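Let's take a walk through this structure together, one part at a time. Have the sequence and the coordinates open as you read.

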Amino acid sequence: MKIPFNKPYATGKELEYIQDAISRGHISGNGYYTKRCQAYFEERYGFKKCLLTSSCTDALEMAAILTGVGPGDEVIMPSYTFVSTANAFALRGARLVFCDSRQDHPGMDEDKIETLITSRTRVIVPVHYAGVACDMDKIMALADKYGLFVVEDAAQAVDSFYNGRPLGGIGHLGSFSFHETKNISSGEGGMLVVNDDRFIERSEIIWEKGTNRQAFFRGEIDKYGWVDIGSSFLPSDMIAAFLWAQLECLDEIQNKRKAIWNRYYELFSDQADELKLRLPYIPEYATNNAHMFYLLANNEEHRDALIRSLKEKGVHAVFHYQSLHRSKFGMKFSVACDCPNADYYTGALLRMPLFCGLLPQDIGLEWIEF
Amino acid sequence: MNKTCIMQIPFNKTYQCPNEQVYVIQALQFGRLSGNNAFSQKVQDHLESKRGWDGCPRVVASVALRHFWSTIRAGIKPGSARLCERDYKVVFGFATIV
């Protein structure tokens with residue numbers, strides 16, 4: 001492919017910081033660079049407590065443990081999402097209740113959530129698809145009304161906002177991904193954000209394999225032991241060193257990605273009607289962090305034809321999620337439901353290449369001669 | 001009196017082989033930094049063919065995750081506990097889900 005779908009971006013400082021982590025003699029978790037990255041997010045976005053994890057999947061699994069869900073409990077989440085959103089809660093034995101997407105956006109339809117709430121509902125998991133915020137005021141109001149926890153799946157939503165508030169910092173808990181396809185990457189990587197004081201102490205314990213090791217390091221106790229369930233959710237400090245090199249260039253990376261996104265938008269907006277394509281919609285309350293540029297075709301046949309046409313031109317465009325309410329495994333854990341909009345996005349959504357090394361001028365008019 | 005002292009002999013010191021940086025650069029050049037790519041495969045192949053670790057060794061983020069995987073493979077359900085042989089060689093692990 002002349003234009004790959006994604007290409008990891010290196011800022012140039014990654015190896016230097018990895019070497020520095022090694023020189024510091026601490027390459028396991030919670031070292032110098034881990035603390036630096038966590039402090040960066042806490043200071044820049046005002047997140048109460050940040051814990052780097054090996055993946056966003058890990059962060060979601062930690063969140064699921066913290067909310068205390070178990071067999072018999074129900075968790076509401078969009079059907080149009082990645083499997084990790086669902087797995088985290090399925091692993092706790094919870095029943096999944098899938099919510100349909102909005103008509104104007106692949107994110108969950110906030111107006112449908114209340115009809116899905118029962119006496120067994122414990123958690124709502126809004127997923128900020130493409131880094132575009134769900135209507136968090138509506139979701140938090142429902143959480144307040146019914147006494148539910150909100151876990152924001154902000155895997156794609158670094159540096160994105162809802163009415164001026166950073167995503168991942170609005171719900172009780174939030175999770176981010178630093179997978180190689182994300183704006184800021186460490187290959188694999190993630191982060192749990194704890195916004196509710198009640199979870200802070202336990203989050204550190206779960207993060208450290210169920211031990212009170214962090215309290216020991218702070219000198220609060222004279223020895224540490226096994227006090228809860230947990231796992232090794234910490235990434236190596238070499239991973240954090242890589243991430244730090246990226247965070248230092250966050251604004252530069254975001255500007256580059258936004259220029260590419262805008263180029264796509266301008267290019268396609270003139271032709272959209274003629275090509276029978278819909279462009280991404282960004283509600284007034286949301287910002288665009290340029291995580292993804294997608295097009296919406298009429299249906300799966302139309303979308304797949306576009307993918308083939310782009311492939312012939314050397315451009316690697318891809319489809320995205322398969323709605324979970326239709327998946328064999330999802331049906332085992334979920335309440336039966338219809339999600340026609342999620343089905344539509346499964347068939348119609350087309351993701352265009354978007355990575356930092358791609359230049360706006362690389363995106364040619366000939367791409368859209370379908 | 002200042003109680004802080006710098007250890008002349010630390011408990012542990014990370015050992016660096018000649019090629020770590022070279023391989024990180026190569027991974028970057030491959031254009032794939034996420035999991036289960038060229039170097040994961042290399043490590044797994046090495047363990048299997050050169051070291052004789054049969055049973056499809058899989059590189060994971062930590063040994064804790066390996067235990068977690070074992071609980072799923074062993075079909076352990078919430079509330080139960082079982083002594084299970086891990087399918088990596090070297091150790092036996094006591095895996096439990098509370």
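Of the 98 residues in chain B, 4% count as buried, where buried requires 20 or more other C-beta atoms, placed from the backbone, within 10 Å of the residue's own. This is a predicted model, in which local features need pLDDT of at least 70 and side-chain atom pairs count only at pLDDT 80 or more, while totals for chains, interfaces and linings use all residues. Residues are numbered from 1 along each chain as its sequence is written, with chains lettered from A and ligands numbered from 1 in the order in which they are written.

Chain B has three helices and two strands, in the order α-α-α-β-β from the N terminus; helices (H or I, at least four residues) and strands (E, at least two) are DSSP runs, numbered from the N terminus.

Now turn to where the chains meet. The contact involves 20 residues of chain B and 21 residues of chain A, two residues being in contact if their C-beta atoms, placed from the backbone, lie within 7 Å. On the chain B side, helix 1 (20–30) and helix 3 (63–73) each supply at least two residues, and helix 1 of chain B gives the most, with four residues.

Chain A, for its part, is divided into domain 1 (14–247) and domain 2 (250–368), with bounds from an automatic or database domain assignment. Their centres, taken over C-alpha atoms, are separated by 25 Å. Here 35 residues of domain 1 of chain A are in contact with 31 residues of domain 2 of chain A. On the domain 1 side, strand 3 of chain A provides the largest share, four residues.

Notes: A residue is buried if 20 or more other C-beta atoms lie within 10 Å of its own, exposed if 12 or fewer, and partly exposed in between; C-beta atoms are placed from the backbone.
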